[in-house]
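Me: Can you walk me through this one? I'll ask as I go.
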Amino acid sequence: MEKADNDKAPLDLWAFMLGVYARPDVAPACLRLQDAHGLDIPLMLAVLYGGVCGRVPDPEQIRAFDENCRVWRETAIRPLREVRRAMKSHDWLASQPRALLLRERVKAAELEAERVEADVLERMLGDISLGSRQIDIDGLIDLTVTVLDLYDPGRAKRVPPDVDTIAAAVLQTVE
């Protein structure tokens with residue numbers, strides 16, 4: 001069965017992710033959620049993008065997103081992040097221009113690895129039928145909580161304030 005023409009509207013997940021991440025207070029909020037809950041930020045942002053694009057993934061689809069990206073995340077993204085962070089934590093780097101340049105290259109490689117994941121997630125979002133449901137701030141918060149629960153099922157059920165920051169930034173990005 002072929003999708004309707006409006007279901008084939010192009011997605012641009014990467015541009016959306018960069019736009020959200022560049023908003024005030026979003027980068028630190030994302031990093032806190034990542035560090036505290038093991039959250040995969042590209043996956044979370046893809047889910048939120050689906051929410052504002054009318055391609056709202058259900059919990060089963062979100063789990064499928066995670067399963068499909070897990071090997072890449074574990075093989076490429078997280079190891080690059082660990083190397084970059086380790087390089088940042090050493091004081092002697094400040095006096096080693098080549099080491100600083102190498103750290104920037106590792107950071108660029110980590111970003112490119114996240115873009116590979118975003119490409120996969122964008123294709124998966126494209127397989128979700130375009131719906132008429134409009135997602136508001138509460139819907140975005142609910143989607144984020146669904147992703148948080150996937151990565152940290154034992155977490156306290158209180159919604160971290162960073163979730164509100166990110167949800168608001170998502171709405172601002174698509175306005």
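Me: Start with Glu67. Buried or exposed, or in between?
Reply: Glu67 is partly exposed, at 49% relative accessibility. Bear in mind that this is a predicted model.

Me: Which side chain does Glu67 meet in a salt bridge?
Reply: Arg70. The N to O distance is 2.3 Å. Both residues lie in helix α4, three residues apart, which is about one turn of the helix.

Me: And how accessible is Arg70?
Reply: Arg70 is partly exposed, with a relative accessible area of 34%.

Me: What network does that pair belong to?
Reply: Salt bridges with shared partners join Asp40, Asp66, Glu67, Arg70, Arg73 and Glu117 into one network. Two of those members, Asp66 and Arg73, are among the buried residues of α4.

Me: How many salt bridges are there in the whole structure?
Reply: A search finds 14. One of them pairs the side chains of Asp162 and Arg32, at 2.7 Å from N to O. Asp162 is in helix α7 and Arg32 in helix α2, so this pair ties together parts 130 residues apart in sequence.

Me: Where do those two side chains sit, buried or exposed?
Reply: Asp162 is buried, with a relative accessible area of 13%. Arg32 is partly exposed, at 45%.

Me: What does Arg81 pair with?
Reply: Glu114, in a salt bridge whose closest N and O atoms are 3.1 Å apart. This one links distant parts of the chain: Arg81 is in helix α4, Glu114 is in helix α5, and they are 33 residues apart. Both residues are buried.

Me: What caps the N-terminal end of α4?
Reply: Asp58. One of its side-chain oxygens lies 3.0 Å from the backbone nitrogen of Glu60.

Me: Now α6. How far does α6 reach from its first C-alpha to its last?
Reply: 21 Å, for 15 residues. That is close to the 21 Å expected at 1.5 Å a residue. At the start of α6, a side-chain oxygen of Asp136 comes within 3.2 Å of the backbone nitrogen of Asp138.

Me: What do the buried residues of α6 pack against?
Reply: They pack against α2, α3, α4 and α7. The buried set is Gly139, Leu140, Ile141, Leu143, Thr144, Val145, Val147, Leu148 and Tyr151.

Me: Switching to the largest nonpolar core. Which residues touch the most other members?
Reply: Met44 and Ile166, out of 41 residues. Each of the helices α1, α2, α3, α4, α5, α6 and α7 supplies at least two residues of this core. The largest share, eight residues, comes from α3.

Me: What is Met44 in contact with, leaving aside its neighbours within four places in sequence?
Reply: Cys30, Leu33, Leu39, Thr144, Val147 and Ile166.

Me: Where is Leu39?
Reply: Leu39 is in the loop between α2 and α3. Even so, Leu39 counts as buried, because its relative accessibility is 2% and the cut-off is under 20%. Beyond its sequence neighbours within four places, Leu39 is in contact with Leu33, Gln34, Met44, Val147, Leu148 and Tyr151.

Me: Last one, backbone. What is phi at Asp25?
Reply: Near 70°, a positive value in a residue other than glycine. Most residues other than glycine have a negative phi.

Me: And where is Asp25 placed?
Reply: In the loop between α1 and α2. Asp25 is exposed, with a relative accessible area of 56%.

Methods
Residues numbered from 1 in each chain as written. Predicted model: local features only at pLDDT ≥ 70, side-chain atom pairs only at ≥ 80, totals over all residues. Heavy atoms only, no water. Buried < 20%, exposed > 50% of the residue type's maximum accessible area, 1.4 Å probe, protein only. Helix = DSSP H or I, 4+ residues; strand = E, 2+ residues; numbered from the N terminus. Polar contact = N/O pair within 3.5 Å; in protein donor to acceptor, adjacent residues only side chain to side chain. Core = buried A, V, L, I, M, F, W, Y, C linked by side-chain atoms within 4.5 Å. Contact = heavy atoms within 4.5 Å. Salt bridge = Lys/Arg side-chain N within 4 Å of Asp/Glu carboxyl O. Expected span 1.5 Å × (residues − 1).
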